[in-house]
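Subject: Structure handover

Dear colleague,

I am passing on the structure below, together with notes on what was found in it. Please read the notes with the coordinates open.

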Amino acid sequence: MENEIIHTIKDVPLEHLRNIFGQFDKFEKQIEDSYGVSLVVRDNELKIKGEEPGASHAEKVLRELLKKSMAGNVIEEQNVTYAIDMVKEDDDVFGEIDGDIICHTVQGKPVKPKTKGQMKYINAIRDKMIVFGIGPAGTGKTYLAMAMAIMAFKNEEVSRIILTRPAIEAGEKLGFLPGDLQSKVDPYLRPLYDALYQIMGADSFQKNMEKGLIEVAPLAYMRGRTLDNAYIILDEAQNTTPAQMKMFLTRIGFGSKVVITGDKTQKDLAAGTVSGLDVAERVLGKMSDIGFIYLTSKDVVRHPLVQKIVKAYEDFEAKHKERKDLKHRRLHAVKRHNM
């Protein structure tokens, strides 16, 4: 290449090089393809060959991944994709993320934020009494909130955990399912159970549930109650009606912490029904005591393909909104011209 330059990272331990390159050098190829560079290893030196600015960006990505590896982390594809996305915006890609372990799963795996968006979300939960976590699927909204709730419960900061989500088909469709009411709504609450089992363990969860210290229930069960000294998580809030959201928010009592999660792109409400999450955002958005954290496709921590799918939908919806706004402006201009 005519304008090729070479960047060198010296003294890279072999075990960390294997970690940041991935199995079958998968991550090495991902970085090379992203920046149009070639990576060469000789005598513990990693050379990045390519044109600018790609070579400089690739070096930053590799240094960030090396730093993460030397802190004891196994490099995953999500880490590489996130570093590639973020390195243009931020020199310190992972920042304080690695040091902030919320808890460990029953298998000993650390639960911690993996992106800066998730870090903001965790800090907001620590600082505010009520936090709205809004973002697409796979951004860890519910799972991280659950981890924070379990730690608060274990540290005796709250006396119980209440997990709820709207069972929006609690009418005739549920009626055709076999069993009692609890067995009818359990499928809607299954994601909450799954997270509890992973972090708390099935036995511990079952014991605390039998004592009434952990409650997993549909949103309709919250009506008429005052929830003191509890950690309350409302999941799938985009499927609440404005009346349900107001009912839920006015149940909150003293000593409670509330996290409300929702994905505004996945509403299952009947056509024409306004979402309680949208209304709450407009009504409460300027209250300093309430946190609104917005996660994006960059915060997706599932398979990288999920991140690409979410990003594709975000771009599609943005273009659709732009066309709709343009059409509205043109109609408005025609009406003004004809007046």
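Is Asp 278 buried or exposed? With a relative accessible area of 16%, Asp 278 is buried, where buried means under 20% relative accessible area, exposed means over 50%, and partly exposed lies in between (1.4 Å probe, protein chains only). This residue is found in helix H11 (residues 276-284), and, leaving aside residues up to four places away in sequence, Asp 278 touches Lys 264 and Lys 267, a contact being heavy atoms within 4.5 Å.

Some notes on the basis of these values come next. This is a predicted model, in which local features need pLDDT of at least 70 and side-chain atom pairs count only at pLDDT 80 or more, while totals for chains, interfaces and linings use all residues. Residues are numbered from 1 along each chain as its sequence is written, and side-chain values use heavy atoms, with hydrogens and water left out.

The protein chain contains 12 helices and 11 strands, which are DSSP runs numbered from the N terminus (helices H or I, at least four residues; strands E, at least two). Of its 339 residues, 46% are buried, and among contacts with a separation of 6 or more, 70% are between residues 24 or more positions apart. The accessible surface of the chain comes to about 18,500 Å², with 53% belonging to carbon and sulfur atoms; accessible areas come from the Shrake-Rupley method with a 1.4 Å probe, and for residues only the protein chains shown count as cover.

Turning to the strands, E1, E3 and E2 form an open antiparallel sheet in the order E1-E3-E2, where two strands pair if DSSP finds at least two bridges between them. Strand E1 (5-9) and strand E2 (38-42) stand at the edges with a single partner strand each, so one side of each has no neighbour in the sheet. E2 is joined to strand E3 (residues 45-50) by 5 bridges, and Val 40 stands opposite Lys 47 in E3. The side chain of Lys 47 also meets that of Glu 45 in a salt bridge (3.5 Å, N to O), a salt bridge being a side-chain nitrogen of Lys or Arg within 4 Å of a carboxyl oxygen of Asp or Glu.

Strand E7 (residues 160-165) is largely enclosed by the rest of the structure, because 5 of its 6 residues are buried. E7 pairs in the parallel sense over 5 bridges with strand E9 (residues 230-234), where Ile 161 stands opposite Tyr 231, and E7 also pairs in the parallel sense over 5 bridges with strand E8 (residues 214-218), where Ala 217 is the bridge partner of Thr 164.

The structure holds 10 salt bridges. One of them joins the side chains of Lys 26 and Glu 77 (3.0 Å, N to O); Lys 26 lies in helix H2 (residues 26-35) and Glu 77 in helix H4, so the pair ties together parts that are 51 residues apart in sequence. Another links Arg 225 to Glu 215, with the closest N and O atoms 2.8 Å apart; because Arg 225 lies in the loop between E8 and E9 and Glu 215 in strand E8, this pair ties together parts that are 10 residues apart in sequence.

With best regards
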